[in-house]
Amino acid sequence: MRDIVVVGAAETKFGKLEASFREIAVEAATAAIADSGVERQDIEALYLGTFSPGTFIHQEHAAPLIASMLGLPHVPTSRTENACASGSSAFLQGVMAVASGIYDTVLVVGAEKMTATPIDETTQILAEAADWENETLAGATFPSLYALMARRHMHEFGTTRDQLSAVAIKNHCNAVRNPYAQFHKEITADDIAKSVMIADPLTLYDCSPVTDGAAAVVVTTRERALDLPGRSIKILGFGQASDSLSLFRRQDMTCLVAAQKASERAYKMAGIGPRDVSFAEVHDCFTIAEIVATEDLGFFERGEGGPAAASGATAIGGAKPVNPSGGLKGKGHPVGATGVSQIVEAVFQLRGTAGDRQVPNPEIGLTHNVGGSGASCAVTLLGKAA
Amino acid sequence: MAVEIGGGLTGYKLPSGEITIPLPGSSLDHVPEGAEPMTFAGSGTVLTYSIVYVPTTRFKDKAPYALAIVELAEGARLMAIVDGGTAENLAVDAQVRYTHRDEYGYHFALVG
């Protein structure tokens, strides 16, 4: 496989934005292209990750729309949809296209506009990424699916309310230091205990928010990047995997086998293991999801993710920093943008340009992006290009 | 959705071994080739549960309600509502029995 790098990376502010879907996608893409130094005529294809623009803002067929607004006439465009893993799926489509030699330089954009939709409709739209006949029509929502995992994790491993809260407190703390984040407010265990119950045992502060946002990266070959001003970050390995769409069909509801398989493939491709990872951006759509992720990725033993979160091991100054950006919980979760935004944060961290949230001297970053309750997952390993 | 209230709990086992319990009100006239129809006695165990306070639009008049993953005695699993279930009286491993089906899916009740 050719050596592949990310040479340009950018994102919009996350939150409730006035700008439209197309405007935020173009804003992020324009900034990523500028960051890379690539000329627009050298971009050979565009990959757009977005979950459900047709229901959120009544716009399907969005990839050529963004390409034409960017001034990339007639480039091949594709949109990927893999629920909350739509962005990472688009990214890996772009990486594999360049790795194959079909293209030398591609643009990957992730975007979602969610806040213009009433909250009960948003809950419904998101729930459509579950098994509609066997879960959603039976009363499941996404918070409740992760609540079912949390309850089982508590039962099997003794995971506690305080350990869930430690994830939310840490990620809000990190988000305060991230100018792109939706929330710039630290929270306490008392705030969490007093917040509204969404799906017992998960409260409002255990849940990632509804968010508008976009992120973009330029992917090219290491050889091509030598002529560009943008500081390139190498793709060391990646893996994707799937699982049953229905949570109840999985033998074990306290882990995501898709995440385990995806990370095994990524580690094998890179020739490294979990101990070599300097930091990770993981899919903390709910607090329990971060605890499960740190176990699935091999950072901690099964059942040790909760105690590790409570110990401070996953803080920016800890042994294994997790979600220095603030994660989905603190930075925000514009569904289709999230996977690309994780790549952007990894690039910032590895370049050493993450400002107040900079992890000390990182060598290797990992991104972990999950679709639905774990039916799809993509893991990417990135490192400084030699 | 027109659903027969009080209907039984039926499904089919695919050649792969996967057991499917179709939507309440579905007939078993279109089961995949090689599938084996099944009728379940209705007793089950709660594997995990949640009390849902913020539902989808379809369930907005139903909340809060107890959602559970139930494992039937025959080994099949399904997502279902446990009527009368609360954060105080539900527990992992609680025993439940099937009561009926309606537009909100399959319903169970705590045993004992």
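## Chain B at a glance

Chain B contains 0 helices and 8 strands. Followed along the sequence, its pattern reads β-β-β-β-β-β-β-β. Please keep in mind as you look around that this is a predicted model.

How does the radius of gyration of chain B compare with that of a compact globule? For 112 residues such a globule would have a value near 13 Å, and chain B has 14 Å, which agrees. Its C-alpha atoms fill a box of roughly 45 × 30 × 25 Å along the principal axes. Of the 112 residues in chain B, 37% are buried. Among the contacts in chain B with a separation of 6 or more, 51% are between residues 24 or more positions apart.

## An open sheet in chain B

One place to look in chain B is an open sheet formed by 3 strands in the order S2-S1-S3, with antiparallel pairing. Strand S2 (19-20) and strand S3 (36-39) of chain B are the edge strands, each pairing on one side only.

Strand S1 of chain B covers residues 10-13 and pairs with S2(B) in the antiparallel sense over 2 bridges.

## Chain A at a glance

Turning to chain A, you will find 14 helices and 11 strands. With 386 residues, a compact globule would have a radius of gyration near 21 Å; the value for chain A is 19 Å, which agrees with that estimate. The C-alpha trace of chain A spans about 55 × 45 × 40 Å along its principal axes.

Buried residues account for 65% of the 386 residues in chain A. As for contacts in chain A with a separation of 6 or more, 78% of them come from residues 24 or more positions apart.

## Two domains in chain A

Chain A is divided into domain 1 (4-117 + 210-233) and domain 2 (129-209 + 236-384). Taken over C-alpha atoms, the centres of these two domains of chain A are separated by 23 Å.

Where they meet, 38 residues of domain 1 of chain A are in contact with 37 residues of domain 2 of chain A. On the domain 1 side, the elements giving two or more residues are strand S1 (4-11), helix H4 (86-100), S4 and strand S7 (213-221) of chain A. H4(A) supplies the largest share of that side, with 8 residues. By class, the residues on this side of domain 1 divide into 22 nonpolar, 11 polar and 5 charged.

## One face of helix H3 in chain A

Helix H3 of chain A runs over residues 62-70, and A:Ala62, A:Ala63, A:Ile66, A:Ala67 and A:Leu70 are buried in this helix. Why do these buried residues line one face of the helix? Seen down the axis of H3(A), they fall within an arc of 140°, so they share one face.

The buried residues of H3(A) pack against several elements of chain A: helix H1 (21-36), strand S2 (46-49), helix H2 (53-56), strand S3 (77-80) and strand S4 (105-112). Just after H3(A) comes A:Gly71, which takes a positive phi of about 80°.

## A buried asparagine in a loop

A:Asn178 is found in the loop between helix H7 (161-176) and helix H8 (189-194) of chain A. Is A:Asn178 buried or exposed? A:Asn178 has 25 other C-beta atoms within 10 Å, so it is buried, the cut-off for a buried residue being 20 or more.

Leaving aside residues up to four places away in sequence, A:Asn178 touches A:Ser325, A:Gly326, A:Lys331 and A:Arg357. A:Val257, which is 79 residues from A:Asn178 in sequence, lies 31 Å from A:Asn178 in space, C-alpha to C-alpha.

## Where the chains meet

The contact between the chains takes 28 residues from chain A and 26 residues from chain B. On the chain A side, helix H5 (119-127), helix H6 (142-157) and strand S5 (197-199) are the elements that give two or more residues.

Which element of chain A gives the largest share of the side that touches chain B? H6(A) does, with 7 residues. Sorted by class, this side of chain A has 12 nonpolar, 8 polar and 8 charged residues.

Conventions:
Residues numbered from 1 in each chain as written. Chains lettered and ligands numbered in written order. Predicted model: local features only at pLDDT ≥ 70, side-chain atom pairs only at ≥ 80, totals over all residues. Buried ≥ 20, exposed ≤ 12 C-beta atoms within 10 Å, placed from the backbone. Helix = DSSP H or I, 4+ residues; strand = E, 2+ residues; numbered from the N terminus. Arc of directions from axis to C-beta. Contact = placed C-beta atoms within 7 Å. Pairing = 2+ DSSP bridges. Domains from an automatic or database assignment. Nonpolar A, V, L, I, M, F, W, Y, C, P; charged D, E, K, R; others polar. Rg over C-alpha atoms; globule rule 2.2 N^0.38 Å.
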